[in-house]
Amino acid sequence: MKITKYSALAFLSLPVMMTNSAVADNQILDDLIVTQSACIGQDCVNGESFGFDTLRLKENNLRIKFQDTSTSASFPSNDWQITANDSENGGANKFSIDDVTGSKTPFTIEASAPSHSLYVDASGSVGLGTSNPIVEMHVVNGDSPTLRLEQNGSSGFTAQTWDLAGNETNFFVRDVSNGSKLPFKIMPNAPTNSLVVSASGNVGIGDQTPDAALDIESGNVKITNGVLEVANSSSSYNTTLINLERAGASRVTFKETNTSYPSDWQLSNFQQTFVINEKTNDGLPEFTLDEDGNLTLKGQVTANNVLLTSDVNKKENFLSVDSTAILNAIAQLSISKWNYKSESENTQHIGPMAQQFYDLFGLGDSEKHISAIDSAGVSLAAAKALLELNNQKEKKIADLEQRLEKLEKALN
């Protein structure tokens with residue numbers, strides 16, 4: 001028998017086929033067309049008031065099951081189910097889609113969920129809490145809309161939870177697992193390009209095209225209760241670790257805020273001169289080195305923790321010096337003109353070599369340096385020896401002149 005058109009009530013009033021005095025299922029071997037509404041379930045009644053319902057499921061276990069009977073391995077055969085509410089006492093009021101074969105429930109909506117909890121508009125944009133998503137994913141909430149990323153440990157990795165959220169004070173990343181710390185913040189109205197990471201990995205602060213690992217377009221860098229450390233594994237002699245460059249003098253300040261030892265030292269370059277200056281003093285630079293290598297010091301010079309002074313109270317282990325031996329040693333000292341390898345050959349100097357000076361006089365703590373105080377001492381000792389020789393010669397000449405005078409008188 002082929003039924004082409006039936007009302008739901010007419011279908012329900014069909015004679016029931018009986019087999020062996022038992023109620024038999026109705027089997028329709030052709031299409032079923034219901035032009036009114038249909039109610040399915042143990043609690044459907046004759047004269048059911050459908051309102052606008054076209055299909056109604058009515059009983060205490062509401063399920064629609066999709067049971068795929070495919071047997072070929074090349075065809076999908078997973079069974080699915082639409083479930084309305086849990087069936088056990090105290091269960092959830094919810095609507096869900098169940099993966100029956102996989103014993104999973106990938107989609108659930110609980111009763112009393114707010115309007116537009118999940119909304120997909122005509123363009124495919126998804127709204128969470130809004131029916132008017134402006135972008136591909138639009139989240140709306142009255143207080144700090146948040147996206148949570150939770151690693152729950154089910155795959156064997158340490159559990160960790162992060163939040164991405166924003167409100168009227170800032171956009172932030174929250175480390176939920178460690179005291180809800182906020183390691184990253186962006187305040188409202190932050191300038192464009194406040195933080196830029198280029199394709200090369202360079203980071204720009206206020207710079208869209210950073211030219212270095214960290215490129216700060218403008219502004220100050222301040223480290224509070226921290227240390228600025230520069231390390232480089234290169235063994236190149238010409239590696240620059242810190243470069244200060246500007247159209248004008250560059251300056252580095254070392255300021256001591258301890259009121260017991262106040263100081264404000266500055267290193268700067270000024271008109272092709274390197275200057276060290278303590279500003280809280282009289283304002284005059286303590287150290288000045290010009291481009292020609294001329295060094296000016298405001299105070300005294302100390303070498304090897306010893307002030308280069310002639311104060312007898314600063315010295316010990318006195319030994320007399322043979323000035324004549326010093327003068328004789330100077331006679332052996334080679335004096336030549338030369339220039340340092342770091343200088344132009346046109347920049348000439350005159351003087352001995354440190355190695356020979358050390359061999360002849362044994363002064364200083366190195367054969368590669370001649371101390372200014374040692375060279376001055378050798379010069380003074382030699383001058384003293386020359387003076388003594390000169391005095392001896394003067395005395396000898398005076399004696400000879402007297403003898404000559406006596407002889408001249410005797411001959412006359």
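Guide: In this predicted model, Glu405 forms a salt bridge with Lys409.

Visitor: What makes the Glu405 and Lys409 contact a salt bridge?

Guide: The closest N and O atoms are 3.7 Å apart. The cut-off is within 4 Å, so the pair qualifies.

Visitor: Why are Glu405 and Lys409 said to be separated by about one helical turn?

Guide: Because they are four residues apart in helix α4 (residues 372-411).

Visitor: Why is Lys409 called exposed?

Guide: Its relative accessibility is 60%. Glu405 has 42%. That value falls between the 20% and 50% limits, so Glu405 is partly exposed.

Visitor: How many salt bridges are there by this rule?

Guide: The count comes to nine. One of them joins Arg174 and Asp163, with the closest N and O atoms 2.9 Å apart.

Visitor: What makes Arg174 and Asp163 a link between distant parts of the chain?

Guide: Arg174 is in strand β14 (residues 171-175), Asp163 in strand β13 (residues 160-166). They are eleven residues apart.

Visitor: How do you know whether Asp163 is buried or exposed?

Guide: Asp163 has 1% relative accessibility. Buried means under 20%, so Asp163 is buried. Arg174, at 23%, is partly exposed.

Visitor: What makes Lys298 and Glu286 a salt bridge?

Guide: Their closest N and O atoms are 3.6 Å apart. That is within 4 Å, so the pair counts. Lys298 sits in the loop between β23 (295-297) and β24 (302-303). Glu286 sits in the loop between β21 (273-278) and β22 (287-290). At 16%, Glu286 is buried, whereas Lys298, at 38%, is partly exposed.

Visitor: Which residues form the positive surface patch?

Guide: Arg246, Arg251, Lys255 and Lys279. Lys and Arg count as positive, so the charge label follows.

Visitor: How do you know that Arg246 is exposed?

Guide: Arg246 has 56% relative accessibility. The limit is over 50%, so Arg246 counts as exposed. Arg246 lies in the loop between β18 (214-216) and β19 (251-256).

Visitor: Why remark on the phi of Asn189?

Guide: Most residues other than glycine have a negative phi. Asn189 is not a glycine, yet has a positive phi of about 70°. Asn317 also has a positive phi, about 55°.

Visitor: Why does Asn189 count as exposed?

Guide: Its relative accessibility is 78%, and exposed means over 50%, so the label holds. Asn317, at 67%, is exposed too.

Conventions:
Residues are numbered from 1 along each chain as its sequence is written. This is a predicted model: local features need pLDDT of at least 70, side-chain atom pairs count only at pLDDT 80 or more; totals for chains, interfaces and linings use all residues. Side-chain values use heavy atoms; hydrogens and water are left out. Patches are made of residues with over 30% relative accessible area and no salt bridge: like charges are joined within 9 Å, nonpolar side chains (Val, Leu, Ile, Met, Phe, Trp, Tyr) within 5 Å. Accessible areas come from the Shrake-Rupley method with a 1.4 Å probe; for residues, only the protein chains shown count as cover. A salt bridge is a side-chain nitrogen of Lys or Arg within 4 Å of a carboxyl oxygen of Asp or Glu. The place of a charge is taken as NZ of Lys, CZ of Arg, CG of Asp or CD of Glu. Helices (H or I, at least four residues) and strands (E, at least two) are DSSP runs, numbered from the N terminus. Buried means under 20% relative accessible area, exposed over 50%, partly exposed in between (1.4 Å probe, protein chains only).
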